[in-house]
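The notes follow in the order I checked them.

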Amino acid sequence: MKIEKFKNMEVLDFKSPANKSRMEETLKSVKKEFGKTYKAFIGGKWIDTKDKIASINPSNPSEIVGYVASCTQSEAEMAFDAAWKAFESWKNTRATERASYLFKVAKLMEERRYELDSWMVYEVGKNWTEADGDVAEAIDALNYYGREAIRYSKGYKPYQVPGEKNDVKYIPLGAGVVIPPWNFPVAILTAMTAAAIASGNTVLLKPASISSVIGAKVAEIFCEAGFPDGVFNFVPGSGSKLGDYLVENPKTRFIAFTGSKEVGLRINELAAKPNGQKWIKRVILEMGGKDAIVVDESADLDAAAEGIVVSAFGNQGQKCSACSRVIAVDSIYDKLLAKVIDRSKKIKIGDPSKFENWMGPVSSDEAMKKIMRYIEIGKNEGKLVLGGKRIGDTGFFIEPTIFSEVKGNARIAQEEIFGPVLAFIRAKDFDEAVEIFNGTEYGLTGGAYTKRKDRIKRVKDEFYVGNLYINRKITGALIGVQPFGGFNMSGTDSKAGGRDYLLLFLQAKSIAERI
Ligand code: NDP
């Protein structure tokens, strides 16, 4: 099989009339599919369940996007059995063959790209470009991890000693559980699943409930790609009801999780307890952030304001990488704040099925209430200088919100809000800015705008985050280009989309043969 060099997918340009009208048509046809029921996929069969998850459109919560099977312990057991049975042959399937399935999924996703984009617009409120970026990232992950699996399958030659042949090869772990978040419902769900499967493992995928219809659409594509029965199992269900069971289960060999700190830490704790299994469960955790951009007096303030607004309010601030703190040095603080407010006022908010709306709704009623609670907290911790209100009373729309004069240790500067709320913090100088930057329990993304070479060096040396950006936005890491993962309470620094990632789904076997 000839495999071309990996290349990132370009995101569609919806300003092109052809792309725009195709998207409008697809949105219409997808809407006609609302209200359908989707099954679980276990051991190569579509399985119905008694209970269902009802997934809504956050722009208009009375619309049910679809009903998805809600698995119980008995379906989970079926899936574990199917996954372990499939593992026996999948682990010995050549890496090139495993990769070819992934490449097929990538092709199918590309064909159904507008459709997947449309489901995301409706089910999680993404704008068109954000939605397409999500699909492009999923396709990248499939293409990248397929190639990585082939690379890892070669193992490596360690140093040799006389009279022996020494080798290191990588073998998969077994059957594991993949638990993605709702906010990159195609990209992260696909990427974690693809990495596990490419490495020779088999998977139980439990999508986030909020985005379970999109999960079902991706499951249809994995099914169409024709993996052997049991390699890929789609086991939707409520995290709070089914999550612990999957994590604690002695049949779970590994857990790949992306989501909140609270759930991640719980998984870490539960998975650590032996429960009759003979392995230590491998746990891969990617969690939240309290990401910041520092701006100094030498920076291009227009570029900084642009980067801040896109990083803070893209996808309504619901990205782990979103900028939720700006730390500006005193001398340019007021000027920068004015520019950021000015740009933020121009943001169009509304139903993202209309192209002109750049910001859509937040994901759920619960998320909206949580964000509004933080806005109330913010009123006592800073000065509300923009937004702060819900828009209308139908969808879950919240204005882009900015608080100024926030202290670095305030709650809205320390806790992940996961919404369109930005805290502006004043630093007396660059030294203090660095201290504030590093002064949270998280360490995911962050960046700085500065033209000074000495400052750029300090940013590279002293900013303690897994993904650092200089003079650009701090969101939108590309697979294969900016491996992604954070320090401290942001996770296990798994570096998704990088050369180290597949190693997390493998174990190394050292073989010495006397000759
Ligand atoms: P949650 O932690 O609420 O949920 C994540 C997943 O965990 C969902 O599938 C959820 O299922 C499931 N879950 C919930 N409870 C349990 C449990 N007890 N055991 C096992 N699984 C459980 O996060 P969100 O989906 O709201 O995603 C947002 C969070 O994800 C933010 O904190 C964000 O920063 C983080 N994130 C991190 C990224 C990174 O790379 N570091 C990337 C993207 C997001 P259900 O939906 O059914 O409750």
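I sorted the residues of the shell around the ligand by type and got 15 nonpolar, 10 polar and five charged. The model is predicted, and I read the contacts below with that in mind. The shell holds 30 residues, and I noted the closest as Ser209, Gly239, Ser260, Met287 and Glu416. I then looked up which elements supply it: helix 8 (239-248), strand 10 (254-258) and helix 9 (261-272) each give at least two residues.

Next I went through polar atoms at the ligand. A polar backbone atom of Met287 is 2.7 Å from a nitrogen atom of the ligand. For Pro180, I found a backbone N or O atom 2.8 Å from a ligand oxygen. The side chain of Asp244 places an N or O atom 3.2 Å from a nitrogen of the ligand. I also looked up the ligand's area: 910 Å² is exposed when the ligand is taken alone, and the protein buries 87% of that.

I turned to helix 10, residues 301-313. Its 13 residues reach 18 Å from first C-alpha to last, close to the 18 Å expected. At its start, a side-chain oxygen of Asp300 comes within 3.1 Å of the backbone nitrogen of Asp302. Just after the helix, I noted a positive phi of about 50 degrees at Asn315.

Which residues of helix 10 are buried? I listed Leu301, Ala304, Ala305, Gly307, Ile308, Val309, Ser311, Ala312 and Phe313. They pack against several elements, among them strand 12 (291-295), strand 13 (323-329) and helix 11 (330-345).

Notes
Residues numbered from 1 in each chain as written. Predicted model: local features only at pLDDT ≥ 70, side-chain atom pairs only at ≥ 80, totals over all residues. Heavy atoms only, no water. Near = heavy atom within 4 Å. Polar contact = N/O pair within 3.5 Å; in protein donor to acceptor, adjacent residues only side chain to side chain. Areas by Shrake-Rupley, 256 points an atom, 1.4 Å probe, with all protein chains shown as cover. Helix = DSSP H or I, 4+ residues; strand = E, 2+ residues; numbered from the N terminus. Nonpolar A, V, L, I, M, F, W, Y, C, P; charged D, E, K, R; others polar. Expected span 1.5 Å × (residues − 1). Buried < 20%, exposed > 50% of the residue type's maximum accessible area, 1.4 Å probe, protein only. Contact = heavy atoms within 4.5 Å.
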